[in-house]
Amino acid sequence: MKKSAAVLISGVLALSSASCGSGSTTEPGGKVQININGQPPQTQAFDRKVFDEDVAEFETANPDIDLVPHEGFMDPKTFSAKLAGGQLEDVFYVYFTDPAALIARKQAADLTNYVKDVPHYGDIKQELKDVFTVDGKVYGLPTANYTMGLLYSRTNFTKAGLDPDAPPKTWDEVRQAAKKLKDAGVTGFAEYSKSNQGGWHFTTWMKSVGGDIAKKDGDTYKADFNNDKGKEVLRRLKEMRWDDNSMGEKQLLEIGDVQNMMGAGQLGMYLAAPDNVAAIVNQFKGKYDDYGLAAIPEQKGTLLGGEGYMINPKATPEKIKAGLKWVQWKYLNPDRLEGNLQKYKDRGQPVGLPIPPIADVWTGEPRKKQEDLKAKYATMPVKNFQAYVDGSEKTKGSLEPPQAQQVYAILDSVVQAVLTNKDADHSALLADAETKVNAVLAQVK
C-alpha cells in the first residue's frame, strides 16, 4: 500500500523532455552518463537537499560517471510508454509490488552477472532480494522496506494501568488492553475502513494470523480469505467494536483520522508502519516519547512493503555497472551510515526510528553496526520501538496481493459492514467478496 502513506500517494513520476535511457553510453572525455530518478520534489526541501548533495559527492568520488537526476518515483500509468519512447531513466525507482510484472514483461535488465560485484549484496535480507529475483535471475536491488506493527500510546497505556514496556503480543492481549483503555476514557483500538485502506489492513490482519488474501493456483491466482482465518479476523473486529465498544462509535476512518486521534491523545492502539510515528509528531503535534511500536500481534506473518531500483533493459553494460554503483553507494552502503546519521542529527532530523536513513535491509555485521550507530546518534528513545525491531527479525513478511488496490476496494466493504452493522453476516460478506476478488485476479497474467 505504501512506502510512506504520504510519500507514495504523492510520488508522481515527472516526465522529461530530455532523452533518458536511449542516449549514448559515454560523453566526450570518456564519462558514462546515466539518468536516474528518485529525486525528491522541491516541496520536500530536506530530502531534496540531501539527494542533491549525494549526487555531487558521488560524482566527485567517481569522476568517470555523470549522474543526471530526474524528479519523481514510479507511475505505472506512464511507465510502458516512457520505456517504448526512450524516455525511461537508466536507473528507476520501483515499489515492491512492481518488479514481478516488469520482469514478466522484460522491462528490466538482467543483473545476475553484475550483482556479484556489488559490495554487501550478500548481507541484504534474502526475503527482500527475492522480490527482485525470478528463476534464479536478479533484476534489481532493494533499498528500503517496512513491515506492519502495532503502534500504541505509552501515555494512555500508563493512564489505563498497562505497562508501556510490555505491549500486547497476541490479539487476545490487544482486546484486553483495548478494554482497559476504553475504561480509562480513550478509544482502545482504531481501524481504517475506507479509501482502500480497510482492505489493506484486512490483509495485514490476515497475515498476522497466518492467512493470506490470494494464493497461486496454476498460472493464476485465487482468493484465499473466505476461510477460518478470514472469519477469525472479522470475529475479532466485531468483538472489539460491538461486544466491548473499545473501538468507539465513529467509524469509516482513514489513516489521517487515526493519526489525528493518536496525536490528540484520544487513542490507544492501531496497526501501522514505523513512518506513522514521524507523521504523528510532524503533522499532529505528538511527541516521540509518548509512542511505542511493537511487533504485529501473533507474529505469524506481516505485510511487507518497500522500494528499490531496477535498470532500463536497453542500458549498456557500462551504464548497468555505473547505475549499480550509484544505488549501492547511496542506499546500501554501511560505510556511510555514521556520516548520514550525524548529518540528520546535526540538521535537526529525527534519528532512532526504523525508517530512512536507517533502512531495515541488513543482516549480519552491517545490521549490528547499524543498530549500534542508531543508538549512538538517537534523538528519541530507541527502546520505545525495540519490540518492533526485534519482532521484525522473527516475523516473515510477504507482499501485497496482485491487483492490490482493486482487491482492497472490494475488501473495504467487508470491513465497513462489520464495523457499522452489529448483525453483519460474516460468511456472506466473505463469500461475496471472494467472488468479486476472483474476477479481479482472473485478469492477472
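Trainee: In which loop does D244 lie?

Mentor: This is a predicted model in which local features need pLDDT of at least 70 and side-chain atom pairs count only at pLDDT 80 or more, while totals for chains, interfaces and linings use all residues. Residues are numbered from 1 along each chain as its sequence is written, and side-chain values use heavy atoms, with hydrogens and water left out. Helices (H or I, at least four residues) and strands (E, at least two) are DSSP runs, numbered from the N terminus. On that numbering, D244 lies in the loop between α10 and α11 (255-263).

Trainee: Is D244 buried or exposed?

Mentor: Buried means under 20% relative accessible area, exposed over 50%, and partly exposed in between (1.4 Å probe, protein chains only). Contact means heavy atoms within 4.5 Å, and D244 touches R175, K179, K182 and E239 when residues up to four places away in sequence are not counted. The relative accessibility of D244 is 8%, so D244 counts as buried.

Trainee: How are α10 and α18 oriented to each other?

Mentor: Axes are lines fitted to C-alpha atoms, for helices over the stretch in contact, and angles run from 0 to 180 degrees between N-to-C directions. The axes of α10 (residues 228-243) and α18 (residues 426-441) come within 10 Å and cross at roughly 130 degrees. Angles under 35 degrees count as roughly parallel, over 145 as roughly antiparallel, 65 to 115 as roughly perpendicular and the rest as oblique. The two helices, α10 and α18, are therefore oblique.

Trainee: Which residues of α18 make the contact with α10?

Mentor: On the α10 side, the contact is made by G230, K231, L234, R235 and K238. By class, the contact of α10 with α18 has two nonpolar, three polar and three charged residues; Ala, Val, Leu, Ile, Met, Phe, Trp, Tyr, Cys and Pro count as nonpolar, Asp, Glu, Lys and Arg as charged, and the others, Gly among them, as polar. The residues contributed by α18 are H426, S427 and L430.

Trainee: How is α9 oriented to α17?

Mentor: Two packed helices are described by the angle between their axes and the distance between the axes. For α9 (residues 197-208) and α17 (residues 404-420), the angle is about 85 degrees and the axes are 6 Å apart. That angle makes α9, relative to α17, roughly perpendicular.

Trainee: Which backbone oxygen does the side chain of T203 reach?

Mentor: T203 is found in α9 and is buried, with a relative accessible area of 0%. Leaving aside neighbours within four places in sequence, T203 is in contact with I213, L303, P401, Y408 and L411. At 2.9 Å, the side chain of T203 reaches the backbone oxygen of G199.

Trainee: Against which elements do the buried residues of α16 pack?

Mentor: Helix α16 (residues 386-394) has Y388, V389, G391 and S392 as its buried residues. These residues pack against β6 (140-147), β7 (149-153), β12 (291-294) and α15 (364-377).

Trainee: What is the phi of H120, which is not a glycine?

Mentor: H120 lies in the loop between α5 (112-115) and α6 (126-129). H120 is partly exposed, with a relative accessible area of 29%. Although H120 is not a glycine, its phi is positive, at about 70 degrees.

Notes
Polar contact = N/O pair within 3.5 Å; in protein donor to acceptor, adjacent residues only side chain to side chain.
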